[in-house]
Amino acid sequence: MAFAFFLHALPVLLRGALLTLWISVLALAAATILGVIGAVLRTSRFRLLRAVGTTYVEVFRNTPLLIQIFFVFFGLPRVGIRFSGLVSGLLALSLYTGAYNTEVFRAGLEAVPRGLHEAAAALGLSAWQRFRLVVLPVALRIVLPALGNNFVALVKNSSLASTIGLVELTFLARDLEAWTFRSFEVYGLATLIYLALVVGLSLALRRVEVRITRHLRTG
Amino acid sequence: MRKVGLTLFVILSLVAVTAGSTVAGGTLDVIKQRGRIIVGVKADFPPFGFIEEGGRHAGYDLDIAREIARLLLGSPDRVQFVTVTSANRIPMLQTNQIDIVIATMTITSARKEVIDFSVPYFCSGHLILTRQDVANINRFADLNGRRVATVQGSTGDRVTLALAPQAQRITFGQNSEALLALKDGRVDAFVQDDVLLLAFAKQDRMLKVVGWPPQMPGPYGMGVRKGDRDLLAAVNVALAQIRSQGIYEKLFAKWFGDVAKNLLPPSKCPAELQLP
């Protein structure tokens, strides 16, 4: 009986897990880019750019993600800006995680020793080359563990997108529960799938970390 | 990896231990000892359960619950309300977080397998809420190919699937969110119980109700845990008293007076709603 239910529920939940994975990967990419841009703004020499970066971080880090999702999905259409459910969810998740990534990247950029900047300048590299070839790779290696934490949080936070009708893992778990009333089995299974997703992501991040440090050692 | 395996083992063993300790029946005794009945009600479903201007919970279901508290415990104040949604009301009951569900719950055969229902106390069918500017939605068949809002765990969700299988359903957690999606133009229609949609249409001139007559009618019942016979009997007796004392008619006039002519009479309702 219980086993038959698992056979019925598993493919349904895995279909949801696929969208969860998809949302997570897209938001992860966008949040990484936002984090780098935000960190560059926050460490800029110009006060205005620093203010822009700081405002972004403070607004998105200090408000609940659920409110941000509802604001994008339900609030913005009232002023004529309409995104689909998927885009609304992605936008809010990316901006929210991007704010946390900004702080991580900022710490990473500030941790790059001054001497390295000076050495790169002495080699005659332009400002852009110094950033791309020297500072960013070193900063990236420093921030990877902290960045990984943010990515894990992102996968879990993606469950909030279920509230605006995105048929991802949490949505389908709640739907299954609402129609079968088997709370224990449904949420137990959903927990195991989230665990598998996050553990998989952590292992993948560790491989990236190893690769980046190896590249730095031999390069 | 070995660490992960060990952690999993510990979690699952803990879960297995707690799963064994389910509480047995006798809810009526618990309620009398506690001196208070804990009732699951809606907060997004006018006029049955909603939040008034000023933030107070109100509605027909809450008034009925107060009457039941009066008859069972001697005072209409001996009641504690817990807000539930269509999706979580039965799990809330099953996990002992509430004593009884009085939350616009239609009696269906699937729900009867997991909980017990009181005698019916309302009859409701399904209609379509749409905007004045939406063309060509007059019947349920017209919903095929359109974007339709539904609420997770509601009969409206299943009725849409049955009567318009090609409709693109977009499902929300609460009625308020589905209503907002309709007003914002994210969907063309919203399928739910007739009485709720009539209340929403009354509040907003941009909206209209179509799909008459109400489809797939079903009776609302109050839900208690499976096998909670004492509580169920006491509630059914209380409902009979509420009827015979004329309170039922008074509350009906108070909450549904203006839409009463559009509502289905109890005779139109089967004993339970058969959902495909």
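**Before you start**

Keep in mind that this is a predicted model. For the complex, the predictor gives an ipTM of 0.71 and a pTM of 0.80.

**Stop 1: a residue in a loop of chain A**

Select Ala161(A). You'll find this residue in the loop between α6 (127-157) and α7 (169-180) of chain A. Is Ala161(A) buried or exposed? Ala161(A) counts as buried, because 29 C-beta neighbours sit inside 10 Å, and the cut-off for buried is 20 or more.

Now show what Ala161(A) touches. Leaving out residues up to four places away in sequence, its contacts are Ile23(A), Ile69(A), Gly89(A), Leu93(A), Leu166(A) and Glu168(A).

**Stop 2: helix α3 of chain A**

One of those contacts, Ile69(A), takes you to the next selection, helix α3, residues 65-75 of chain A. Colour its buried residues: Gln68(A), Ile69(A), Val72(A) and Phe73(A). Then turn the view until you look down the axis of α3(A). The buried residues fall within an arc of 115 degrees, so they line one face of the helix. As background, an α-helix has 3.6 residues a turn, so residues three or four places apart point the same way. What do the buried residues of α3(A) pack against? Their packing partners are α2 (47-61) and α4 (85-111) of chain A.

**Stop 3: where the chains meet**

Show both chains and select the contact: 13 residues come from chain A and 16 residues from chain B. On the chain A side, the elements giving two or more residues are α7 and α8 (183-218). The largest share of that side, 5 residues, comes from α7(A). Colour the chain A side by residue type and you get 7 nonpolar, 3 polar and 3 charged.

**Stop 4: the three-stranded sheet of chain B**

Move to chain B and pick out β2, β3 and β4. These 3 strands form an open sheet in the order β2-β3-β4, with antiparallel pairing. At the edges are β2 (44-45) and β4 (57-58), each pairing on one side only. Strand β3 (residues 49-51) is joined to β4(B) by 2 bridges. To see a bridge pair, select Phe50(B) and its partner in β4(B), Ala58(B).

**Stop 5**

Next, find the open sheet of 5 strands in chain B, ordered β10-β9-β11-β8-β12, where the pairing is mixed. Its edge strands are β10 (168-172) and β12 (207-220), and the twist averages 25 degrees from one strand to the next. Zoom in on β9 (residues 147-151), which runs parallel to β10(B) and is joined to it by 5 bridges. Here Arg147(B) has Gln168(B) as its bridge partner.

Helix α6 (residues 155-163) lies across β8, β9, β10, β11 and β12 of chain B, at about 145 degrees to β9(B). Helix α7 (residues 175-183) lies across β8, β9, β10 and β11 of chain B, at about 165 degrees to β9(B).

**Last stop: confidence in chain B**

Colour chain B by pLDDT. The chain averages 91, and 91% of the residues score at least 70. Finish at residues 19-23 of chain B, where pLDDT stays under 50 and the model has 2 contacts beyond four places in sequence. Where pLDDT is low, the predicted coordinates should not be read in detail.

Notes
Residues are numbered from 1 along each chain as its sequence is written. Chains are lettered from A and ligands numbered from 1 in the order in which they are written. This is a predicted model: local features need pLDDT of at least 70, side-chain atom pairs count only at pLDDT 80 or more; totals for chains, interfaces and linings use all residues. Helices (H or I, at least four residues) and strands (E, at least two) are DSSP runs, numbered from the N terminus. A residue is buried if 20 or more other C-beta atoms lie within 10 Å of its own, exposed if 12 or fewer, and partly exposed in between; C-beta atoms are placed from the backbone. Two residues are in contact if their C-beta atoms, placed from the backbone, lie within 7 Å. Ala, Val, Leu, Ile, Met, Phe, Trp, Tyr, Cys and Pro count as nonpolar, Asp, Glu, Lys and Arg as charged, and the others, Gly among them, as polar. The arc is that of the directions from the helix axis to the C-beta atoms. Two strands pair if DSSP finds at least two bridges between them. Axes are lines fitted to C-alpha atoms, for helices over the stretch in contact, and angles run from 0 to 180 degrees between N-to-C directions. pLDDT is the predictor's confidence in each residue, from 0 to 100.
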